[in-house]
Amino acid sequence: MVEKDKAPPPHQRQDAARPPRLYADAPRLPEAAEIDVRELISGKTYELEIGPGRGGFIFERVAAAPEVALLGLEVRRKWAQIVDQRLRKCELSGRARVFAEDAKQALGRIGPQEVFARVFVHFPDPWWKKKHNKRMLLDAALLREIARLLTPQGEFFVQTDVAERASQIEALVGSDPCFLPAGDAIDSPRLAKNPYCAQSPRERRAMRDSLPVHRLCFRRR
């Protein structure tokens, strides 16, 4: 007696009916163990933005500095895909790209060493309460990768509208021997103004709402 085909188990039926993952075709970095950023974008000077979000800073930065090539790493696939597509439509993809990547996992594969003149982090960690400290973007391991990739005297610029978070970042980076404070006053990383002729949407909104923005700048030794 021939057995009838058995129905697949419930978990397999659910998988078969599951819709395609949203933004599954968001741009990703090459799978190679070592990635040369100069093969992804081209410019006289290379810069990195960690967490570009909706891309406001990238567009303004490459417009203000035609010699700059800017790489963005955005953990949210939706915004990585949307911003990278916009860059292509504006014919800027030769100078600027955004990839759907977690910087904590991706930076270790990026090179060569001392390739970026500047690294930007705008308004990280929306979960600013103490219980969320374990989720902070910036930690000692990520700072080591940033230091490895920055040129000598290269700039690391961070800004936030949360005073407590600014103090935490100042203490963290200030304790790393690879970095020196490069703010308005001697031995301080604090800046009164953003010197890069480009603003993130969050910075623009904070300024419009008269919220204080805490800006920190460090240089690599």
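This briefing covers the fold, the nonpolar cores, one threonine and the cysteines of the chain above. The model is predicted: local features need pLDDT of at least 70, side-chain atom pairs count only at pLDDT 80 or more, and totals for chains, interfaces and linings use all residues. Residues are numbered from 1 along each chain as its sequence is written, and side-chain values use heavy atoms, with hydrogens and water left out.

**Overall build**

- The chain has 7 helices and 10 strands. These are DSSP runs, numbered from the N terminus: helices are H or I with at least four residues, strands are E with at least two.
- Of the 221 residues, 45% are buried. Buried means under 20% relative accessible area, exposed means over 50%, and partly exposed lies in between (1.4 Å probe, protein chains only).
- Among contacts with a separation of 6 or more, 77% join residues 24 or more positions apart. A contact means heavy atoms within 4.5 Å.

**Nonpolar cores**

- A nonpolar core is a set of buried Ala, Val, Leu, Ile, Met, Phe, Trp, Tyr and Cys residues joined through side-chain atoms within 4.5 Å.
- The largest one has 35 residues; Leu 107, Phe 116, Ile 146 and Phe 156 touch the most other members.
- Elements that each supply at least two residues of this core include β2 (45–50), β3 (68–74), β6 (116–122) and β10 (214–220). Helix α5 gives the largest share, 5 residues.
- Beyond four places in sequence, Ile 146 contacts Ile 50, Leu 107, Val 119, Leu 138, Phe 156 and Phe 179.
- A separate core holds 22 residues, among them Phe 57, Ala 65, Phe 157 and Ala 182.

**Thr 160**

- Thr 160 sits in strand β7 (residues 150–160).
- Thr 160 counts as buried because its relative accessible area is 3%.
- Its side chain reaches the backbone nitrogen of Val 162 at 3.1 Å.
- Leaving out residues up to four places away in sequence, Thr 160 touches Phe 123, Arg 165, Ala 166, Pro 212, Val 213 and His 214.

**Cysteines**

- The structure has 0 disulfides, a disulfide being a pair of cysteine sulfur atoms within 2.5 Å.
- Cys 197 has 61% relative accessibility, so Cys 197 counts as exposed.
- Cys 217 has 4% relative accessibility, so Cys 217 counts as buried.

Methods. Polar contact = N/O pair within 3.5 Å; in protein donor to acceptor, adjacent residues only side chain to side chain.
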